[in-house]
Amino acid sequence: MNELNNRSASPAEASSAPREAENRAAASPQTGSASAMGQGSAALNINPAERQRRIYRVTITGGIINVCLLIFKFIAGFVGNSAAMIADAVHSLTDFATDIIVLLFVRLGSRPVDKDHDYGHGKYETLATAVIGIALLGVGAMICYQGVMKTWMAIQGYPLRQPGIIALIAALASIGLKEWAYRFTYRTGKEVHSEATVANAWHHRSDALSSIGTALGIGGAILLGRRWAVLDPIAAIIVSVFIIMAAFSLVRQAFGELLEQSLPEAVETEIKQIAAGEEGVSEIHNLRTRSLGNHIAIEMHVRMAGETTLYAAHEHASQIERRLKERFGQGTHVALHVEPLKVNGAYVCPE
């Protein structure tokens, strides 16, 4: 009697693809609507070197934009007598700092599996997302504080200095350049499935948003006169709220992954559908999922007929593993535990 008939196969016996079956044609990829992850297998199967090169390219391009803008903004802020523009320049400085963080952590996260890291180094990117989110929170809080203080000074009758036209020009240039940087960085981050790059894109957009507030305040103060200089800090307060909200979303997502949060329900449903589509599989249970940076980990139990031979169960498990990797990327960690069917709630040895 085969061993599988008497007890459930261990993960080691049932999870890895057999060497002799490596060259068999894999089953057709699972079709259907895109999962909540929003990534196709082509994006997730991108060559690691190419992935890193694309991330570096958009990050360095964004960094060059940040350096040019922060220099221009500091000059415009001092020459144009605009405290809001100086604060905006500080925001661009934090953007440049996050560019460096992304370059460093993506390089660390791209390291292959080694004897000390069986699941790879992908969570370096998750950590980078958390750092960027926390930096954004700090920037938002700083802008809000400065806006509140200046608004209170205006209410108390303290005259605010009217900004110059050069500060308005700097704000408008920042809006255009940083929105452009957001778009190409966000697009690349989604295509290569890099959350750190996506987070960095949101940092670009937060700078564009803060520049919109700065432009409105400076423009209003210039057009309406010194009495309306208070529009500058009021606009900064409004924009800071949007920055803090975006930052909180990034931090919550990153900490969820660091604390082993499960993948979205839609993704887990798709995983079950892929596994259940294999011939001979009758039930999926004990599904556990989590993110590993730009990869995911999947662990689950599958049930098959008790009379299934160990070799056949191994073949079925290997097919499930292939299909999951075709859908979610070759770096996906898959662990399957094969069990015989239960009869009246108990395992029964086949005759």
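Begin by selecting Y186, which is partly exposed because its relative accessibility is 27% (buried means under 20% relative accessible area, exposed over 50%, partly exposed in between, with a 1.4 Å probe and protein chains only). This is a predicted model, in which local features need pLDDT of at least 70 and side-chain atom pairs count only at pLDDT 80 or more, while totals for chains, interfaces and linings use all residues. Residues are numbered from 1 along each chain as its sequence is written, and side-chain values use heavy atoms, with hydrogens and water left out.

Rings of Phe, Tyr and Trp (its six-membered ring) pair if their centres lie within 6.5 Å; planes under 30 degrees apart count as stacked, over 60 as edge-to-face and the rest as tilted.

Now move to W180 and F184, both in helix α7 (residues 165-191) and four residues apart, about one turn of the helix. Helices here are DSSP runs (H or I, at least four residues), numbered from the N terminus. W180 is partly exposed at 48% relative accessibility, whereas F184 is buried at 10%.

Return to Y186 and W202: their ring centres are 6.4 Å apart and their planes stand at 85°, so the pair is edge-to-face. This pair links distant parts of the chain, with Y186 in helix α7 and W202 in helix α8 (residues 195-224), 16 residues apart.

Note on methods:
Helix = DSSP H or I, 4+ residues; strand = E, 2+ residues; numbered from the N terminus.
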